[in-house]
Amino acid sequence: MSDFPDYLDVDYTDGEGETPDDYPTLEDKIEKAIEVTHQGLEQYETPAVMWTGGKDSTLTLYFIKEVAEKFDLETPPAVFIDHYQHFDAIHDFVDRWAEEWDLDVIYARNEDVGDYVDEHGLEPGDDIPVSALSEHNQHHIRNILEYEEDDFPFLLDTYVGNHLLKTVALNDALEEYGIDGVISGVRWDEQEARADETFFSPRHDPDIYPPHDRIQPILQFAERDVWDAFWNYVVPDTVEGFPEEGYVPQGAEDLPNGLTQDDIPVSPKYFAGFRSLGSEVSTEKSDEEPAWLQDIENTTERAGRAQDKEDLMERLRDLGYM
(Lines give C-alpha, C1' and ligand atoms only; values in the text may rest on other atoms or scores of the structure.)
Protein backbone atom coordinates (compact mmCIF):
# COMPACT_ATOMS: atom_id res chain seq x y z
CA MET A 1 0.00 0.00 0.00
CA SER A 2 3.06 2.22 -0.31
CA ASP A 3 1.72 4.17 -3.29
CA PHE A 4 -1.74 4.79 -1.81
CA PRO A 5 -3.80 6.59 -3.07
CA ASP A 6 -2.12 6.74 -6.50
CA TYR A 7 -3.78 3.54 -7.71
CA LEU A 8 -7.30 4.89 -7.02
CA ASP A 9 -9.65 6.58 -9.46
CA VAL A 10 -12.47 7.84 -7.24
CA ASP A 11 -14.33 11.14 -7.11
CA TYR A 12 -13.83 12.65 -3.68
CA THR A 13 -16.48 15.29 -4.44
CA ASP A 14 -19.24 12.78 -5.22
CA GLY A 15 -22.20 13.71 -3.01
CA GLU A 16 -20.95 17.18 -2.16
CA GLY A 17 -23.83 19.48 -1.23
CA GLU A 18 -26.41 16.70 -1.48
CA THR A 19 -29.03 15.48 0.98
CA PRO A 20 -31.31 12.42 1.07
CA ASP A 21 -33.87 14.50 -0.86
CA ASP A 22 -31.61 14.31 -3.92
CA TYR A 23 -32.49 10.60 -4.05
CA PRO A 24 -36.29 10.77 -3.95
CA THR A 25 -37.17 7.07 -4.03
CA LEU A 26 -35.86 4.06 -2.15
CA GLU A 27 -34.85 2.57 -5.49
CA ASP A 28 -32.75 5.68 -6.24
CA LYS A 29 -30.99 5.32 -2.90
CA ILE A 30 -30.34 1.62 -3.42
CA GLU A 31 -28.99 2.19 -6.93
CA LYS A 32 -26.50 4.73 -5.60
CA ALA A 33 -25.51 2.42 -2.73
CA ILE A 34 -24.76 -0.38 -5.17
CA GLU A 35 -22.73 1.97 -7.41
CA VAL A 36 -20.60 3.23 -4.50
CA THR A 37 -20.15 -0.27 -3.07
CA HIS A 38 -19.10 -1.63 -6.47
CA GLN A 39 -16.47 1.10 -6.86
CA GLY A 40 -15.24 0.49 -3.33
CA LEU A 41 -14.78 -3.24 -3.80
CA GLU A 42 -13.09 -2.82 -7.18
CA GLN A 43 -10.86 0.18 -6.47
CA TYR A 44 -9.35 -0.63 -3.09
CA GLU A 45 -6.74 -3.30 -2.54
CA THR A 46 -7.52 -4.10 1.10
CA PRO A 47 -10.99 -2.79 1.99
CA ALA A 48 -12.89 -3.65 5.17
CA VAL A 49 -16.40 -2.91 6.36
CA MET A 50 -17.17 -1.36 9.73
CA TRP A 51 -19.80 -3.50 11.43
CA THR A 52 -21.37 -2.55 14.74
CA GLY A 53 -24.29 -4.96 14.59
CA GLY A 54 -26.53 -1.92 14.14
CA LYS A 55 -28.99 -1.34 11.31
CA ASP A 56 -26.84 1.02 9.22
CA SER A 57 -23.70 -1.10 9.15
CA THR A 58 -25.73 -4.28 8.62
CA LEU A 59 -27.52 -2.66 5.66
CA THR A 60 -24.10 -1.67 4.28
CA LEU A 61 -22.90 -5.23 4.76
CA TYR A 62 -25.94 -6.46 2.82
CA PHE A 63 -25.01 -4.28 -0.16
CA ILE A 64 -21.42 -5.53 0.02
CA LYS A 65 -22.52 -9.15 0.01
CA GLU A 66 -24.91 -8.55 -2.91
CA VAL A 67 -22.35 -6.66 -5.00
CA ALA A 68 -19.55 -9.14 -4.25
CA GLU A 69 -21.74 -12.04 -5.37
CA LYS A 70 -23.07 -10.29 -8.47
CA PHE A 71 -19.68 -9.10 -9.75
CA ASP A 72 -17.62 -12.04 -8.49
CA LEU A 73 -15.64 -9.88 -6.06
CA GLU A 74 -14.21 -10.80 -2.69
CA THR A 75 -16.24 -10.01 0.42
CA PRO A 76 -13.94 -7.93 2.63
CA PRO A 77 -13.47 -8.60 6.34
CA ALA A 78 -15.68 -6.84 8.86
CA VAL A 79 -14.11 -4.72 11.60
CA PHE A 80 -16.01 -4.83 14.89
CA ILE A 81 -14.80 -2.30 17.47
CA ASP A 82 -15.11 -4.02 20.83
CA HIS A 83 -15.15 -1.15 23.30
CA TYR A 84 -15.89 -3.40 26.32
CA GLN A 85 -19.28 -1.78 27.00
CA HIS A 86 -21.52 -3.44 24.41
CA PHE A 87 -24.86 -5.00 25.18
CA ASP A 88 -24.42 -8.79 25.35
CA ALA A 89 -27.12 -9.01 22.68
CA ILE A 90 -24.86 -7.14 20.24
CA HIS A 91 -22.03 -9.65 20.67
CA ASP A 92 -24.49 -12.52 20.23
CA PHE A 93 -25.94 -10.92 17.11
CA VAL A 94 -22.53 -10.32 15.49
CA ASP A 95 -21.34 -13.85 16.29
CA ARG A 96 -24.55 -15.37 14.94
CA TRP A 97 -24.59 -13.55 11.61
CA ALA A 98 -20.83 -13.66 11.06
CA GLU A 99 -21.17 -17.44 11.10
CA GLU A 100 -24.35 -17.42 9.01
CA TRP A 101 -22.81 -15.18 6.35
CA ASP A 102 -19.31 -16.73 6.55
CA LEU A 103 -17.67 -13.42 7.44
CA ASP A 104 -14.10 -12.85 8.54
CA VAL A 105 -14.39 -10.52 11.56
CA ILE A 106 -11.51 -8.43 12.86
CA TYR A 107 -12.10 -7.50 16.51
CA ALA A 108 -10.51 -4.11 17.10
CA ARG A 109 -9.78 -3.58 20.80
CA ASN A 110 -7.64 -1.26 22.86
CA GLU A 111 -6.30 -4.19 24.83
CA ASP A 112 -4.06 -2.02 27.00
CA VAL A 113 -7.16 -0.36 28.49
CA GLY A 114 -9.12 -3.61 28.51
CA ASP A 115 -6.39 -5.50 30.35
CA TYR A 116 -6.16 -2.78 33.01
CA VAL A 117 -9.94 -2.87 33.49
CA ASP A 118 -9.95 -6.67 33.83
CA GLU A 119 -6.95 -6.79 36.13
CA HIS A 120 -8.45 -4.24 38.53
CA GLY A 121 -12.07 -5.34 38.23
CA LEU A 122 -13.25 -1.92 37.10
CA GLU A 123 -16.82 -1.00 36.32
CA PRO A 124 -17.91 1.70 33.84
CA GLY A 125 -17.33 5.07 35.46
CA ASP A 126 -14.34 3.96 37.55
CA ASP A 127 -11.16 5.97 37.09
CA ILE A 128 -8.12 4.78 35.11
CA PRO A 129 -4.74 6.44 35.87
CA VAL A 130 -3.14 7.81 32.72
CA SER A 131 0.26 6.71 34.02
CA ALA A 132 -0.87 3.05 34.13
CA LEU A 133 -1.33 2.88 30.37
CA SER A 134 1.11 2.24 27.55
CA GLU A 135 3.26 4.92 25.99
CA HIS A 136 1.06 4.67 22.89
CA ASN A 137 -2.11 5.48 24.82
CA GLN A 138 -0.41 8.15 26.92
CA HIS A 139 0.74 9.83 23.71
CA HIS A 140 -2.86 10.01 22.50
CA ILE A 141 -4.13 11.30 25.84
CA ARG A 142 -1.45 13.92 26.42
CA ASN A 143 -0.33 14.95 22.93
CA ILE A 144 -3.33 14.31 20.70
CA LEU A 145 -6.21 15.06 23.06
CA GLU A 146 -4.16 17.46 25.24
CA TYR A 147 -5.85 15.99 28.31
CA GLU A 148 -4.12 17.13 31.50
CA GLU A 149 -5.86 15.26 34.34
CA ASP A 150 -4.12 12.38 36.13
CA ASP A 151 -6.93 9.92 35.42
CA PHE A 152 -10.06 9.54 33.32
CA PRO A 153 -13.32 7.60 33.74
CA PHE A 154 -13.76 4.23 32.08
CA LEU A 155 -16.73 5.45 30.07
CA LEU A 156 -17.28 5.14 26.36
CA ASP A 157 -19.23 8.36 25.91
CA THR A 158 -16.52 10.77 27.02
CA TYR A 159 -13.80 12.51 25.05
CA VAL A 160 -10.90 10.36 26.31
CA GLY A 161 -12.90 7.14 26.63
CA ASN A 162 -14.39 7.33 23.15
CA HIS A 163 -11.05 8.17 21.57
CA LEU A 164 -9.12 5.36 23.28
CA LEU A 165 -11.80 2.66 23.08
CA LYS A 166 -13.02 3.39 19.56
CA THR A 167 -10.70 5.59 17.53
CA VAL A 168 -7.34 4.30 18.75
CA ALA A 169 -8.63 0.71 18.52
CA LEU A 170 -9.80 1.32 14.94
CA ASN A 171 -6.66 3.12 13.78
CA ASP A 172 -4.43 0.42 15.27
CA ALA A 173 -6.44 -2.22 13.37
CA LEU A 174 -6.20 -0.24 10.11
CA GLU A 175 -2.44 -0.13 10.50
CA GLU A 176 -2.06 -3.76 11.51
CA TYR A 177 -4.09 -5.07 8.57
CA GLY A 178 -3.01 -2.45 6.01
CA ILE A 179 -6.61 -1.42 5.27
CA ASP A 180 -6.86 1.23 2.56
CA GLY A 181 -10.65 1.63 2.35
CA VAL A 182 -13.10 1.59 5.26
CA ILE A 183 -16.67 0.96 4.10
CA SER A 184 -18.98 2.46 6.70
CA GLY A 185 -22.69 3.00 7.22
CA VAL A 186 -22.79 6.66 8.22
CA ARG A 187 -25.70 8.78 6.98
CA TRP A 188 -26.12 12.47 6.27
CA ASP A 189 -29.25 12.81 8.38
CA GLU A 190 -27.85 11.05 11.46
CA GLN A 191 -25.80 13.94 12.84
CA GLU A 192 -24.74 17.43 11.80
CA ALA A 193 -21.13 16.29 12.07
CA ARG A 194 -21.75 13.88 9.16
CA ALA A 195 -23.88 16.14 6.97
CA ASP A 196 -20.96 17.26 4.77
CA GLU A 197 -19.51 13.82 4.10
CA THR A 198 -19.00 12.57 0.54
CA PHE A 199 -19.30 9.02 -0.77
CA PHE A 200 -15.52 8.71 -0.96
CA SER A 201 -13.88 10.66 1.84
CA PRO A 202 -10.08 10.90 2.17
CA ARG A 203 -8.30 10.36 5.48
CA HIS A 204 -4.72 10.85 4.30
CA ASP A 205 -2.92 12.68 7.15
CA PRO A 206 -0.37 10.18 8.55
CA ASP A 207 0.02 12.27 11.73
CA ILE A 208 -3.59 11.50 12.69
CA TYR A 209 -4.40 8.04 11.31
CA PRO A 210 -3.06 5.40 8.94
CA PRO A 211 -3.85 6.90 5.52
CA HIS A 212 -7.06 5.43 4.10
CA ASP A 213 -10.37 6.41 2.56
CA ARG A 214 -13.88 6.17 3.95
CA ILE A 215 -16.34 4.60 1.49
CA GLN A 216 -19.90 5.51 2.49
CA PRO A 217 -22.61 3.85 0.38
CA ILE A 218 -25.69 4.80 2.42
CA LEU A 219 -25.13 8.50 3.09
CA GLN A 220 -28.32 9.19 1.13
CA PHE A 221 -30.55 7.02 3.33
CA ALA A 222 -32.75 8.58 6.00
CA GLU A 223 -33.65 6.49 9.04
CA ARG A 224 -37.02 5.53 7.57
CA ASP A 225 -35.34 4.44 4.33
CA VAL A 226 -33.08 2.07 6.25
CA TRP A 227 -36.05 0.25 7.76
CA ASP A 228 -37.95 0.23 4.46
CA ALA A 229 -34.89 -1.37 2.86
CA PHE A 230 -34.69 -3.99 5.60
CA TRP A 231 -38.30 -5.17 5.48
CA ASN A 232 -38.67 -4.96 1.69
CA TYR A 233 -35.22 -6.07 0.48
CA VAL A 234 -32.70 -7.27 3.07
CA VAL A 235 -34.88 -9.66 5.05
CA PRO A 236 -36.83 -11.08 2.07
CA ASP A 237 -33.52 -11.67 0.23
CA THR A 238 -31.65 -13.26 3.11
CA VAL A 239 -34.24 -15.12 5.19
CA GLU A 240 -35.76 -18.28 3.78
CA GLY A 241 -39.51 -18.30 4.30
CA PHE A 242 -39.89 -14.54 4.65
CA PRO A 243 -42.45 -13.12 2.18
CA GLU A 244 -40.72 -12.08 -1.05
CA GLU A 245 -43.00 -9.06 -1.37
CA GLY A 246 -41.84 -7.80 2.03
CA TYR A 247 -43.56 -7.59 5.38
CA VAL A 248 -43.34 -5.12 8.29
CA PRO A 249 -43.69 -6.98 11.61
CA GLN A 250 -45.43 -5.31 14.53
CA GLY A 251 -43.07 -6.99 16.97
CA ALA A 252 -41.05 -10.13 17.69
CA GLU A 253 -44.23 -12.19 17.96
CA ASP A 254 -45.50 -11.01 14.57
CA LEU A 255 -42.99 -12.70 12.27
CA PRO A 256 -44.51 -14.70 9.40
CA ASN A 257 -44.28 -18.41 8.59
CA GLY A 258 -43.05 -19.51 12.01
CA LEU A 259 -39.90 -17.40 11.87
CA THR A 260 -38.40 -16.13 15.10
CA GLN A 261 -36.31 -13.11 16.03
CA ASP A 262 -33.15 -15.25 15.76
CA ASP A 263 -33.91 -15.86 12.06
CA ILE A 264 -33.90 -12.14 11.22
CA PRO A 265 -30.69 -10.11 10.64
CA VAL A 266 -32.04 -7.26 12.79
CA SER A 267 -30.66 -6.75 16.29
CA PRO A 268 -33.11 -7.74 19.02
CA LYS A 269 -32.44 -4.36 20.65
CA TYR A 270 -34.42 -2.72 17.82
CA PHE A 271 -37.32 -5.07 18.46
CA ALA A 272 -37.11 -4.01 22.13
CA GLY A 273 -37.51 -0.29 21.35
CA PHE A 274 -33.95 0.99 20.90
CA ARG A 275 -33.32 3.20 17.85
CA SER A 276 -29.59 3.66 18.32
CA LEU A 277 -27.10 1.19 19.78
CA GLY A 278 -24.28 2.82 21.71
CA SER A 279 -23.24 1.10 24.90
CA GLU A 280 -24.96 -0.79 27.67
CA VAL A 281 -24.13 2.06 30.05
CA SER A 282 -25.18 5.07 27.99
CA THR A 283 -28.06 3.99 25.75
CA GLU A 284 -31.72 3.69 26.63
CA LYS A 285 -34.68 2.56 24.59
CA SER A 286 -36.63 5.31 22.85
CA ASP A 287 -40.03 3.69 23.21
CA GLU A 288 -41.68 0.35 23.91
CA GLU A 289 -42.49 -0.16 20.23
CA PRO A 290 -39.94 -1.61 17.78
CA ALA A 291 -37.69 1.05 16.29
CA TRP A 292 -39.32 1.04 12.82
CA LEU A 293 -42.82 1.64 14.29
CA GLN A 294 -41.82 4.70 16.29
CA ASP A 295 -42.42 8.33 15.28
CA ILE A 296 -39.18 8.48 13.33
CA GLU A 297 -40.01 11.63 11.40
CA ASN A 298 -40.75 13.78 14.46
CA THR A 299 -38.29 12.50 17.09
CA THR A 300 -34.52 12.27 17.39
CA GLU A 301 -32.82 9.00 16.46
CA ARG A 302 -30.04 9.31 19.03
CA ALA A 303 -32.22 10.63 21.87
CA GLY A 304 -31.42 7.52 23.88
CA ARG A 305 -27.67 8.18 23.69
CA ALA A 306 -25.90 10.01 26.52
CA GLN A 307 -23.37 11.52 24.14
CA ASP A 308 -24.90 13.61 21.41
CA LYS A 309 -22.79 16.75 21.44
CA GLU A 310 -21.96 18.00 17.98
CA ASP A 311 -18.78 19.85 18.98
CA LEU A 312 -17.46 16.67 20.61
CA MET A 313 -18.42 14.63 17.54
CA GLU A 314 -16.56 17.06 15.29
CA ARG A 315 -13.39 16.81 17.39
CA LEU A 316 -13.59 13.02 17.54
CA ARG A 317 -14.16 12.74 13.79
CA ASP A 318 -11.12 14.92 13.16
CA LEU A 319 -9.13 12.28 15.04
CA GLY A 320 -10.48 9.37 13.04
CA TYR A 321 -13.80 8.47 14.70
CA MET A 322 -16.61 7.31 12.41
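Start by selecting helix H6 (159–177): with five residues, H6 gives the largest share of the lining of the largest pocket. Helices here are DSSP runs of H or I with at least four residues, strands are E runs of at least two, and both are numbered from the N terminus. A pocket is an open set of points on a 1 Å grid over the protein atoms alone, with protein on both sides within 12 Å along at least five of seven lines, and lining residues have an atom within 4 Å of a point.

Before going on: this is a predicted model, where local features need pLDDT of at least 70, side-chain atom pairs count only at pLDDT 80 or more, and totals for chains, interfaces and linings use all residues. Numbering runs from 1 along each chain as its sequence is written, and side-chain values use heavy atoms, leaving out hydrogens and water.

Then pick His140, Asp207, Ile208, Tyr209 and Pro210, the ones nearest the pocket's centre among 16 lining residues. The lining splits into eight nonpolar, five polar and three charged. (Nonpolar covers Ala, Val, Leu, Ile, Met, Phe, Trp, Tyr, Cys and Pro; charged covers Asp, Glu, Lys and Arg; the others, Gly among them, are polar.) The space inside is about 240 Å³, counted as what is filled by probe spheres set on the grid points, which are joined across faces, edges and corners.

Next stop: H1 (residues 26–43) and H7 (residues 223–238), whose axes come within 11 Å and cross at roughly 85°. H1 and H7 are therefore roughly perpendicular, a label for angles of 65 to 115 degrees. Show Leu26, Glu27, Lys29 and Ile30 of H1 against Asp225, Asp228, Ala229 and Tyr233 of H7; contact means heavy atoms within 4.5 Å. That contact has four nonpolar, no polar and four charged residues.

In the segment before H1 sits Pro5, joined to Phe4 by a cis peptide bond with omega about 5°. Asp72, in the loop between helix H2 (55–70) and strand E2 (78–81), has a positive phi of about 55° without being a glycine.

Finally, zoom out: the chain has nine helices and eight strands, and its C-alpha atoms fill a box of roughly 60 × 45 × 35 Å along the principal axes.

Key:
Axes fitted to C-alpha atoms, helices over the stretch in contact; angles between N-to-C directions. Parallel < 35°, antiparallel > 145°, perpendicular 65-115°, else oblique. 1 Å grid on protein atoms, 1.4 Å probe; cavity = no way out; pocket = protein on both sides within 12 Å on 5 of 7 lines; lining within 4 Å.
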